[in-house]
Amino acid sequence: MRAPYLMRRPSGFYFRIRVPADLVDRVGTLELRRVLGPMRFHDARILASSIGSKARRVFEMLRELDDLSEQEVANLIRDCFARMRKEVDRPYVPSEEHNESEVDLWEERHEQRTLAEEHKRDLKVYTKAGSHSSEATALAQRFAQEKGISLAGASAERLQAIAEGFARVLIEVDECFLHRLDDSVSPYEPKDPLFGRTHRDYAAGIGLTINELIDKYVTARKSVWRPKTYKTHMPKLQLLAEYLGGDRIAQSVTRKDLAEYPDALLMLRRNHHMTPAASFYARLTENPNGRIMASTASGILARTTGLFSWAFKRGYIETNPAEGLSVTAPKQRKGARSRSPFKADHIRTIFSAPRFVGCKSYARRNEPGDVIQKDEDYWIPILAYYTGARLSELVQLHFSDCRLDTDQPHISINEDGSEEPGDPDYKHVKSESGVRIIPLHPDLLELGFVEFVREQKKLARSRKQLFFRIKYGSDGSPSTAYSKKFGRFLSAIGLDDRQLVFHSFRHTIIDAFQNSGTPLQTVNQIVGHSIPGENQTYGDGADLAVLWEAMANVKLLISLMEVIPKMEGE
């Protein structure tokens, strides 16, 4: 039973409503609560609905009474001038009927100059008298409405300042027009100190709103970002727009405005992205156990600092209000890890599951039976256990990357494929050190990997991918869909520890190499880790024979040959 604004507790009912994000500072709290006490559910629902209706009316009244600050008025006026200037700050073009002779052209210019001078003079008379023309008032109302700003609740003093400012806009536009009548080359410098920006600054876009600035930033970075990067960065930038207000002038944002943003990010609920229509403050939670991790908050804040740094370097804003902002992570227990390696019992549980030792059918792979379907769900976890390769690297493998007819069989991790992100043949490697060759453990050959590659090639026809059945995620990432699928598999076999994920295979083999005494440089070369302080382009590293020897002698937790049965004929 759903009842708006009503919450039940053992002691009775209470009313709760979120304060709209644009009114939080004025009200002084994120939400309003009122104890209703013990009563029947029907009565409590009616009472909560009534209080909620009154609260919404109060919020609307607060919006109507909300007066504009001096900075908001100045930004509104400057933004209007920047827009109107674009219409007149261009070489004067005479009308077609007056361009046949120099006399006609002179007369037309003289007429236009006279009209502009008279219009400017009338506006100045109104301004000096303390009253303003209906033209300036109408312009203020129209432009404020376009920006979503209501002037109904503005004080008389503020309305007077707004009317004067828009009269000055019209005067300055006339000045610009008069300048262009005689000079179509030199830049126009505003005479009014209210608009005393240089031509370069206006061309750069001072006056952009937060939403407009984000659009420019994303457009500039879209050629650099991968599809997954774009899809993950946009919601993070939208959080900033929700926090500051998308129509807020970016130039007006100060360090004080962003001072509490990092702490607010730490209060975001884990599933905040599931309610895209909610305001920023509706995404927060007071429950520490339900909040995002500090590393996630830091990643969101990085998009904010990147945006403002980019805008500052390109002249869209005069100062960088986000410089030096950082998330203060809560103190964590020493030794805590976000991901853990699989232990021997975990490996045995995974590879003793029906899909590896015998299942009911392809559609019922979690039920014991006699069917072993050696497809991507079978081979990808096995490859991860024996190679430590990243999931995205395995999913992107092409048939040409499987070098099996050699004395040291291996797979190649590279970017040899289509150059266009989104194409099925496109491959992306995380870093320079990620481009490498990985020798194949002898167990993989015994388990039939060579035969699997041969059969896949027959089924693939013209496709290049080894695991051609795996669909990429909606974010364009090769690992997204399979990672979720593997997570569901772990839960189905009872491995519900959140620190155990597909990436745990990578941690497992790294520990195995270290326990085998394998030199660190060799381990890093096999798993594709960069070595801090070392130039990655210097030398080719150990040759394949050395890597293959290290792989063949690694002390694994268990050999899958002891767990996975061999099929007849293998």
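I take buried to mean under 20% relative accessible area, and partly exposed to mean between that and 50%. The model I am reading is predicted.

**Entry 1: Glu 376.** I looked up its accessibility first. At 5%, Glu 376 counts as buried, because the cut-off is under 20%. Its salt-bridge partner is Arg 469, with the closest N and O atoms 3.4 Å apart. I placed both ends. Glu 376 sits in helix α15 (residues 376–387), and Arg 469 in the loop between α18 (449–460) and α19 (480–492). The pair links distant parts of the chain, 93 residues apart. Arg 469 comes out as partly exposed, at 37% relative accessibility.

**Entry 2: Asp 89.** Which residue does Asp 89 meet in a salt bridge? I find Arg 180, at 2.8 Å, N to O. Asp 89 lies in the loop between α3 (70–88) and α4 (102–128) and Arg 180 in helix α6 (residues 156–182), so the bridge ties together parts 91 residues apart in sequence. I checked burial on each side. Asp 89 is buried at 17%, and Arg 180 is buried at 7%.

**Entry 3: Glu 393.** I traced a salt bridge from Glu 393 to Arg 436, with 2.8 Å between the closest N and O atoms. Glu 393 belongs to helix α16 (residues 391–395) and Arg 436 to strand β6 (residues 436–439), so this pair joins parts 43 residues apart in sequence. Are Glu 393 and Arg 436 buried or exposed? I note both as buried.

**Entry 4: whole structure.** My search of the whole structure finds 23 salt bridges. I also noted a network of salt bridges linking Arg 16, Glu 31, Arg 33 and Glu 286.

Methods:
Residues numbered from 1 in each chain as written. Predicted model: local features only at pLDDT ≥ 70, side-chain atom pairs only at ≥ 80, totals over all residues. Heavy atoms only, no water. Salt bridge = Lys/Arg side-chain N within 4 Å of Asp/Glu carboxyl O. Helix = DSSP H or I, 4+ residues; strand = E, 2+ residues; numbered from the N terminus. Buried < 20%, exposed > 50% of the residue type's maximum accessible area, 1.4 Å probe, protein only.
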